[in-house]
Amino acid sequence: MAARTHRLLSALLLGSLALPLHAAATAGLHMHILVLGGCTFLTPDHLVMDFGALNGGDRSISAVAPVNCTSGTRFTVRLSDGLYPAGTQRQMAQQNGSGRLPYTLVADPQSGLGNGGNIDIRLTATVRQADYANRPVGAYSDTVVLTVDP
Amino acid sequence: MSRALIIPSLAIAALLASGHAMAASKNVIINANVVGTCAFTDGNDVTINLGDLKAGSGDQSKTGSTSFWCSNGITYNLSTDDGLHGDASQKKMAAGEHQLPYALALERSTGTGQGIASPETLTLTATVKGADLDVAPVASGYSDTVVLTLTP
């Protein structure tokens, strides 16, 4: 979606640039150009956060998703509840079983003002020993959608 | 000429139609491995005191206990070493140059973990045979130290 939005904006700008060159031959035509603010992630790939082996203590891991928002655009950051939530509690699912592993995921910042440059959205995931120590042994995973509006 | 104008018009229409879809999204994949582990619930030593032993009193036993937990679903194993004075066939307490054979039995040597919220108690039983007592040199302070190992 981000890539498509980018292409549309490009087409819009090209159109506006082309307009004055032909203006003399199209008398009476009025053109309204709408400039929309937006945000795009700098890397298109998904982001992987791996706790590795949980073998003691509460654990937190972080990852950064750089985002670029047009200057002056107020943006907000959203995280979906993931694929296996219990209410609003995010959970990873055991890949070869029915186990569920609760965890938390927070984004920082959760909102801000675009400056045309790169802004790092830092994600921090935390799992507590009290939660994983009772879970069946195995690999766990979840997928959350990180969205930056607009 | 007219084509050059149609293209931006369509672009505007598409942008307006997309509305809230003008947001950047990215999948975040969170992975973890819950690995098997075990731990004793405290770091205290287990002391089994056989008290005063007398010749002619038959086999004598006393017990001690400890507790531990293992990750849910994993198989654990418990074992002891030979102690300070024994070998693979026989453990021995010692008092100076004197030695007294004994046996140390574990309530179980394997099992399935139930998670940290469900610690298990393990009873250890030390036994001195009457036949060994009957020939043991009289001495105080027969003692041995054995290492109990829980894996993984």
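In this predicted model, strand 5 of chain B runs antiparallel to strand 6 (residues 98-106) of chain B and is joined to strand 6 by five bridges. Strands (E, at least two residues) and helices (H or I, at least four residues) are DSSP runs numbered from the N terminus, and two strands are taken to pair if DSSP finds at least two bridges between them. B:M93 has B:L100, in strand 6 of chain B, as its bridge partner. The two strands form a hairpin with two residues between them, and B:G96 in the turn has a positive phi of about 60°.

An open, antiparallel sheet of five strands in chain B has the order 2-3-8-6-5. Its edges are strand 2 (38-40) and strand 5 (91-95) of chain B, each of which pairs on one side only. On average, neighbouring strands of this sheet are turned by 35° against each other, direction ignored; the axes are lines fitted to C-alpha atoms, with angles between N-to-C directions running from 0 to 180 degrees.

The largest nonpolar core has 32 residues, and those with the most contacts inside it are A:V67, A:L101, A:V127, B:A32 and B:V34. Such a core is a set of buried Ala, Val, Leu, Ile, Met, Phe, Trp, Tyr and Cys residues joined through C-beta atoms within 7 Å; buried residues have 20 or more other C-beta atoms within 10 Å of their own, the C-beta atoms being placed from the backbone. Elements giving two or more residues to this core include strand 9 (118-127) of chain A and strand 1 (24-34) of chain B. A second, separate core of six residues includes B:L100, B:Y102, B:V128 and B:Y142.

The model scores ipTM 0.73 and pTM 0.59. Chain B averages a pLDDT (the predictor's confidence in each residue, from 0 to 100) of 85, and 86% of the residues score at least 70. Within chain B, confidence is lowest in helix 1 (residues 2-18), at a mean of 40, and highest in strand 8 (residues 120-128), at 96.

Residues are numbered from 1 along each chain as its sequence is written, while chains are lettered from A and ligands numbered from 1 in the order in which they are written. Local features need pLDDT of at least 70 and side-chain atom pairs count only at pLDDT 80 or more, whereas totals for chains, interfaces and linings use all residues.

Note on methods
A residue is buried if 20 or more other C-beta atoms lie within 10 Å of its own, exposed if 12 or fewer, and partly exposed in between; C-beta atoms are placed from the backbone.
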